[in-house]
Amino acid sequence: MKEKKIIVSACLVSGGPWRYDGKSKMVENPLLKELEEEGRIIPLCPEVMGGLKVPRSPAERKEGRVVNKDGKDVTAEFRKGAEGVLALGLSEKIEVAILKEGSPSCGSHRIYDGNFSGKKIPGKGVTAEALEKAGIKVFNEEEIEAAYEFLCSLEEEE
């Protein structure tokens, strides 16, 4: 059985200042800890990979674009980050990712509504969408157990 690697939003595992506000959303989960200790986690921040700084103005996805709270269109940076994550994922033969829910990059089920109202709507972030289109299964931080089970099932098939 080959142990596969998994992409994880850096803000969920590193505890470092990856989020737009310079904070962390580190998740304490024994399964993530186990994967990290085994060296199987590839922590990535698509927004930083796309050239955005920390901290930065919050951004939201609306009508196919990503715009920050200051009104600047940052779609190109979000797409560049998504392309970087996807390229790395494909080169490493990644099949599973755990990404930060709600993010305009990483949201897998819900994203903010694009009006900076704090309201979440059904939708996907730019990176989550790109990974899924390429066949990489995306989970969020509320689905770590399901992601782990899926990863184990892939390993058992080999």
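**Exercise 1. At what angle do helix H2 and helix H6 pack, and how far apart are their axes?**

Keep in mind that this is a predicted model.

*Step 1.* Start with how such a pair is described: you need the angle between the two helix axes and the distance between them.

*Step 2.* Take H2 (residues 30-37) and H6 (residues 144-157): the angle is about 45°, and the axes are 9 Å apart.

*Step 3.* Now put a word to that angle.

*Step 4.* Look at who does the touching. H2 brings Leu31, Leu32, Glu34 and Leu35, while H6 brings Ile144, Glu145, Tyr148 and Leu151. Sorted by class, that contact has six nonpolar and two charged residues, with no polar ones.

**Exercise 2. Work out where Thr127 sits and whether it counts as buried or exposed.**

*Step 1.* Find Thr127 in the chain: it belongs to helix H5 (residues 126-133).

*Step 2.* Check its accessibility. The cut-off for buried is under 20%, and Thr127 comes in at 0%, so it counts as buried.

*Step 3.* See what surrounds it. Setting aside neighbours within four places in sequence, Thr127 contacts Pro46, Gly81, Ala82, Val85, Leu99 and Ser105.

*Step 4.* Zoom out to the helix. The buried residues of H5 are Val126, Thr127, Ala128 and Leu131. They pack against helices H3 and H4 (75-91), plus strands E3, E4 (65-68), E5 (96-99) and E8 (137-140).

*Step 5.* Step past the helix: Gly135 follows H5, and its phi is positive, near 95°.

**Exercise 3. Place Gly16 in the chain and decide how accessible it is.**

*Step 1.* Gly16 is in the loop between H1 and H2.

*Step 2.* Its relative accessibility is 14%, so Gly16 counts as buried.

*Step 3.* Leave out residues up to four places away in sequence, and Gly16 touches Lys23 and Ser24.

**Exercise 4. Describe the largest pocket and its lining.**

*Step 1.* Begin with the space inside: about 450 Å³.

*Step 2.* The lining is made of 26 residues, and Arg19, Tyr20, Gly102, Ser103 and Pro104 lie nearest the centre.

*Step 3.* Ask which elements supply two or more lining residues: helix H1 (10-13), helix H3 (46-49) and strand E3 (59-62).

*Step 4.* Finish with the classes: 14 nonpolar, four polar and eight charged residues line the pocket.

Key. Residues numbered from 1 in each chain as written. Predicted model: local features only at pLDDT ≥ 70, side-chain atom pairs only at ≥ 80, totals over all residues. Heavy atoms only, no water. Axes fitted to C-alpha atoms, helices over the stretch in contact; angles between N-to-C directions. Helix = DSSP H or I, 4+ residues; strand = E, 2+ residues; numbered from the N terminus. Contact = heavy atoms within 4.5 Å. Nonpolar A, V, L, I, M, F, W, Y, C, P; charged D, E, K, R; others polar. 1 Å grid on protein atoms, 1.4 Å probe; cavity = no way out; pocket = protein on both sides within 12 Å on 5 of 7 lines; lining within 4 Å. Points joined across faces, edges and corners; volume = space filled by probe spheres on them. Buried < 20%, exposed > 50% of the residue type's maximum accessible area, 1.4 Å probe, protein only.
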